[in-house]
Amino acid sequence: MVQLVGSLRKELADSLSACRVLVVGAGGIGCELLKNLVLTGFKNIEVIDLDTIDVSNLNRQFLFQKKHVGKSKAQVAKESVLQFCPTANITAYHDSIMNPEYNVEFFRNFMLVMNALDNRAARNHVNRMCLAADIPLIESGTAGYLGQVTVIKKGLTECYECQPKPTQKTFPGCTIRNTPSEPIHCIVWAKYLFNQLFGEEDADQEVSPDTADPELSWNPADTEARATASDQDGDIKRVSTKDWARSTGYDAVKLFNKLFKDDIQYLLTMDKLWKKRKAPLPLDWLEIQKLACPQEVTGTGLKDQQVLGVAGYSQLFSRSVETLRSMLAEKGDGAELVWDKDDPPAMDFVTAAANLRMHIFSMNMKSRFDIKSMAGNIIPAIATTNAVIAGLIVLEALKILSGDVEQCRTIFLNKQPNPRKKLLVPCALDPPSANCYVCASKPEVTVKLNVHKTLVLALQDKILKEKFGMVAPDVQIEDGKGTILISSEEGETEANNSKFLSDFGIRHGSRLQVDDFLQDYTLLVNVIHCEDLEKDVEFEVVGDAPDKAPTPPSAQEDKNVANGNKESAEPSTSSKAPAEQDDVLIVDSDEEEPSSSTMDVRMESGGHKRKLHDAETGEASAKRQRLDQPLAANEEDDDIIALD
Ligand SMILES: [Zn+2]
């Protein structure tokens, strides 16, 4: 058997075979990593993954074969590794690392933890567990040709959460409905339209012109009045898009003329919108059909990479409406279609509708291929990238086990060589952020919300779990009485869920002590009561740091506004993101073409520049954003990432 033992110092080789390590994730990076670890001489490895093997994994997760489809990734990875290294001692867990069984004591069993994960929630959690257990963590991720490895050591380096990560951002509805300026706006609109016509109707996915656009009025009171008015008569007069489409029998020509002519003409009447931007050009079905020849086709090669003309897309629109109509009819009454980028008629529909709208708003149309990758924000997972990153993880692991944590680096794998002809660029590790709400000595945050409108359940699910990454929070109000607002013990405080925070005396300046016992994590939450949060915003984290946060209660009541919300000012690097264990990596990008630039593939990044290690500076990566992981939430329902 090939093994590197002979090339390592004896002490190091001995410590490799003696030490116990944990690999979290047995997917794209995990398979490569497990193979590397045993071939390097690691003997005691535990691996955990809750996934099972999918056919689509087989092109890069080489520990798996066709016969393994449907089986546990962790278990099969173990068996495959044992075939070429029978002396290894591997324990496999087919389970979630967020399961309470894997507590701080469990983490303390290891010299080192290596993440090979695909989602932010699990990364946050392992970060906290390793901080709590004070075990070094090697964090990694890939997206297409890009990759990153970094080392996290309590007290010495930044933790995974030191840099604030932008929250999910959405485009203002009026950008989507009235004033699209980028192809992604039209793609989002087209996907909403699909849902409105064929899928589940969602009030948040309105596609018709928005008369409450704040831009239509310079007088905010006027806008408000208009918004109220339109809400009111909207409720009365508006027929749902789906009902209307159904009443026409999904007549493609009628749909076309309503969406691309009448609605656009209506938009043109909102003349304030077009004072400073190019006005849209309505399309008429008949006029377009007169353009006898199916117009120019640009782009060569594969059909998916061609851009058809307006006539071509009008035809595609018509055909796809017909196909989807019959699919819907086949499913019977009340049925709904679910948008899926891999469903050809659905993708045809979105391609056609998005392109027609792009044309109307004077944008260059896009190929089906481009639209698919934007609609799904897909960056393909690449086996070689995973292999490089897994190799780098082992090199960092060797430094840690040699006691040279100071020598560890964040290493970026770039798509293009830098001027020094290097693809791999190491950067010095940053020290922990004093303001981190996870690894600071006394983590504290300030949250602005309306205490009369925020339910206890929303505090738990949206703020503490979703925003602050807790698994099972307990909340106590610092009201002198120690009122327990939320208990992680089942059955203790469920009755509170449907009550408002103010029902428990929580008001401006209240402080909540939040504990997650599994993560051994305590967070102090300062509440700022606010009546005028933006529409659809339930809460805001004020500042990104305790030392910038206002000191409640009374002294600084007005100051919170000045702190602003840094995140909301950030560029649109946000994301969301369902992905299977890196089948597709879903990344954040505000680029029109996610693949066009290495710099701009930012995955749920903090958007903070990384300092480069002196010797290795290459400007290509100087601008490179921190490439935190392809996040990937658990759900797979929504591929479109709506950006500001
Ligand atoms: Zn931190």
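Visitor: Which helix is Gln 460 found in?
Guide: Gln 460 belongs to helix H16, which covers residues 456-467. Keep in mind that this is a predicted model.

Visitor: Is Gln 460 buried or exposed?
Guide: Buried. The relative accessible area of Gln 460 is 14%, and the cut-off for buried is under 20%.

Visitor: Switching to charges. How many salt bridges does a search of the whole structure find?
Guide: The search gives 22 salt bridges.

Visitor: Let's take a few. What does Arg 128 form a salt bridge with?
Guide: Its partner is Glu 161. The closest N and O atoms of Arg 128 and Glu 161 are 2.7 Å apart.

Visitor: Where do Arg 128 and Glu 161 sit in the chain?
Guide: Arg 128 is in helix H5, residues 120-133. Glu 161 is in the loop between strand S6 (146-152) and helix H6 (173-177). They are 33 residues apart, so the pair links distant parts of the chain.

Visitor: Is Arg 128 buried or exposed?
Guide: Arg 128 is buried, at 2% relative accessible area. Glu 161 is buried too, at 4%.

Visitor: What about Arg 9, which side chain does it meet in a salt bridge?
Guide: That of Glu 11, with an N to O distance of 3.2 Å. Arg 9 is partly exposed, at 45% relative accessibility. Glu 11 has 53%; the line for exposed is drawn at over 50%, so Glu 11 counts as exposed.

Visitor: How far apart are N and O in the Glu 287 and Lys 290 salt bridge?
Guide: The distance is 3.4 Å.

Visitor: How many residues separate Glu 287 and Lys 290 in helix H11?
Guide: They are 3 residues apart in H11 (residues 285-290), so about one helical turn separates them. Glu 287 is partly exposed at 46% relative accessible area, while Lys 290 is exposed at 60%.

Visitor: Which residues do salt bridges with shared partners join into one network?
Guide: Asp 304, Asp 348 and Arg 368.

Visitor: New topic, cysteines. How many disulfides does the search find?
Guide: The count for the whole structure is 0 disulfides. As for individual cysteines, Cys 19 is buried with a relative accessible area of 6%. Cys 159 is buried with 1%.

Visitor: In what sense do S1 and strand S2 pair?
Guide: Parallel, over 5 bridges. S2 spans residues 44-48. Within that pairing, Leu 22 has Glu 46 of S2 as its bridge partner.

Visitor: Which helix does the chain pass through from S1 to S2?
Guide: Helix H2, residues 28-40. The β-α-β crossover from S1 to S2 is right-handed.

Visitor: How many bridges do S1 and strand S4 have?
Guide: S1 pairs with S4 (residues 112-115) over 4 bridges, in the parallel sense. In S4, Leu 22 is partnered with Val 113. So Leu 22 has bridge partners in both S2 and S4: Glu 46 and Val 113.

Key: Residues are numbered from 1 along each chain as its sequence is written. This is a predicted model: local features need pLDDT of at least 70, side-chain atom pairs count only at pLDDT 80 or more; totals for chains, interfaces and linings use all residues. Side-chain values use heavy atoms; hydrogens and water are left out. A salt bridge is a side-chain nitrogen of Lys or Arg within 4 Å of a carboxyl oxygen of Asp or Glu. Buried means under 20% relative accessible area, exposed over 50%, partly exposed in between (1.4 Å probe, protein chains only). Helices (H or I, at least four residues) and strands (E, at least two) are DSSP runs, numbered from the N terminus. A disulfide is a pair of cysteine sulfur atoms within 2.5 Å. Two strands pair if DSSP finds at least two bridges between them. A crossover is right-handed if, with the strands pointing away from the viewer, the path from the first strand over the helix to the second runs clockwise.
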